[in-house]
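The stops below go one at a time, each with something to select.

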Amino acid sequence: MANSPAMHTKEIRAAVVRKKGGPFQVETLTLQEPRPDEVLIRIIATGMCHTDMVARDQLYTVPLPVVLGHEGAGVVERIGSSVKKVAPGDHVVLTYMWCGHCLPCLNGDLTYCENFYPLNFGGAREDGSTATQDGQGAVHDHFFGQSSFGSCALAHERNVIKVPNDAPLELLGPLGCGIQTGAGAVMNALKVRPGGTFAAFGGGAVGLSAVMAARVAGATTIIAADVVPSRLVLAKELGATHTVNSRETDPVEAVRDITGGGADFSLESSGRPAVLRQAIDALAIRGTCGIVGAPALGTEASFDVNGVMTTGKRIIGIIEGDSVPDLFIPSLVELYRQGRFPFDKLVKFYNLDQINQAAEDSEKGVTIKPIIRFAA
Ligand SMILES: [Zn+2]
Ligand SMILES: [Zn+2]
């Protein structure tokens with residue numbers, strides 16, 4: 001009943017992953033009309049995030065075939081009968097999904113929702129149903145509650161975030177994941193303070209967003225460490241006071257030298273255990289290291305136990321920048337409009353039929369944040 005053909009009234013163009021490792025195949029599919037608590041969004045553009053590749057390659061398991069994409073931005077086309085937050089015509093950014101009824105959700109810790117994995121990686125709604133079909137049968141969807149690699153997406157009222165209609169919508173999708181992850185880590189989780197020292201280990205979209213946020217937060221020493229020279233040049237443009245090429249210089253010694261003993265805050269966004277060790281070792285006494293880089297499930301890392309204990313260091317995991325998206329995403333839009341958070345410098349646009357090129361450019365580090373634009 002839930003998947004009866006009569007409910008599939010919307011034809012969409014979408015990128016489907018049918019086997020581990022890809023490729024993304026652009027196909028015509030059908031999408032159901034919104035349920036009472038859902039919103040149908042015409043996607044204008046969608047960012048591509050490292051997690052899309054992680055899911056494509058099944059480092060995080062997602063059922064196949066699936067429509068990925070989780071940084072959607074678009075215009076509300078239709079709303080379910082109980083939706084109050086948005087109306088048709090509203091401009092929205094789509095973000096991660098949370099259940100709203102577990103204890104972490106009720107405590108406001110939405111990014112630590114007990115149902116985070118099934119809701120964001122389960123390839124279906126919370127009740128296990130899907131809304132997308134090809135000629136043969138069901139295609140998994142609701143990736144991060146949206147599956148935005150399609151010309152239209154179905155999201156829940158919860159993970160649809162209203163943004164001003166006069167903001168540049170095609171640019172805003174990455175605020176829903178990668179950008180809020182880096183910026184929120186600095187502003188919400190680490191709470192980098194004015195006059196503080198901050199070191200970003202990893203200069204991809206997340207690390208560079210953290211650099212921009214550290215400047216907004218008033219940090220006076222902002223260090224970016226990476227192995228790609230072009231990223232270090234960009235980091236300087238975005239607010240880094242110092243850069244370290246970790247291939248040429250020991251970043252731990254460099255951070256200690258620059259800060260006179262160690263950084264108050266560090267952020268590991270590369271997903272490499274050896275770099276996490278550096279991010280911990282480069283901290284000052286009582287410093288805090290945030291972990292946002294995602295390696296394969298089951299990865300372990302080591303650190304000097306006494307070194308951490310005797311210096312009172314903290315090591316914290318951070319998901320989606322501890323963001324409460326309805327509050328945080330509009331604030332990032334406003335910072336962008338004031339010229340204080342120029343994340344457009346990370347972006348390169350592609351069309352849907354260039355999606356595999358976008359993925360390749362991102363993985364090679366040629367493009368920091370690809371955005372897939374849908375033709376009007
Ligand atoms: Zn929850
Ligand atoms: Zn993401």
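This is a predicted model: local features need pLDDT of at least 70, side-chain atom pairs count only at pLDDT 80 or more; totals for chains, interfaces and linings use all residues.

Residues are numbered from 1 along each chain as its sequence is written, chains are lettered from A and ligands numbered from 1 in the order in which they are written, and side-chain values use heavy atoms, with hydrogens and water left out.

Next, select residues 10-17 and 24-31. These are strands E1 and E2, which run antiparallel and are joined by 8 bridges. Strands (E, at least two residues) and helices (H or I, at least four) are DSSP runs numbered from the N terminus, and two strands pair if DSSP finds at least two bridges between them. E1 and E2 make a hairpin with 6 residues between them. In its turn, pick glycine 21, which has a positive phi of about 90 degrees.

Threonine 30 stands opposite glutamine 133, and leucine 31 has threonine 132 as its bridge partner.

Move to the metal. Which residues coordinate the zinc ion (ligand 2)? They are Cys49 (SG), His70 (NE2) and Cys177 (SG), at 2.0 to 2.2 Å. Donors are N, O and S atoms within 2.8 Å of the metal (3.2 Å for Na, K and Ca); water is not among the atoms, so sites may look incomplete. Along the chain the donors follow the spacing C-x20-H-x106-C. Cysteine 49 and histidine 70 are both buried, where buried means under 20% relative accessible area, exposed over 50% and partly exposed in between (1.4 Å probe, protein chains only).

Finish with Phe24, Leu68 and Phe149, which touch the most other members of the largest nonpolar core, a set of 54 residues. E1 gives the most to this core, with 5 residues. A nonpolar core is a set of buried Ala, Val, Leu, Ile, Met, Phe, Trp, Tyr and Cys residues joined through side-chain atoms within 4.5 Å.
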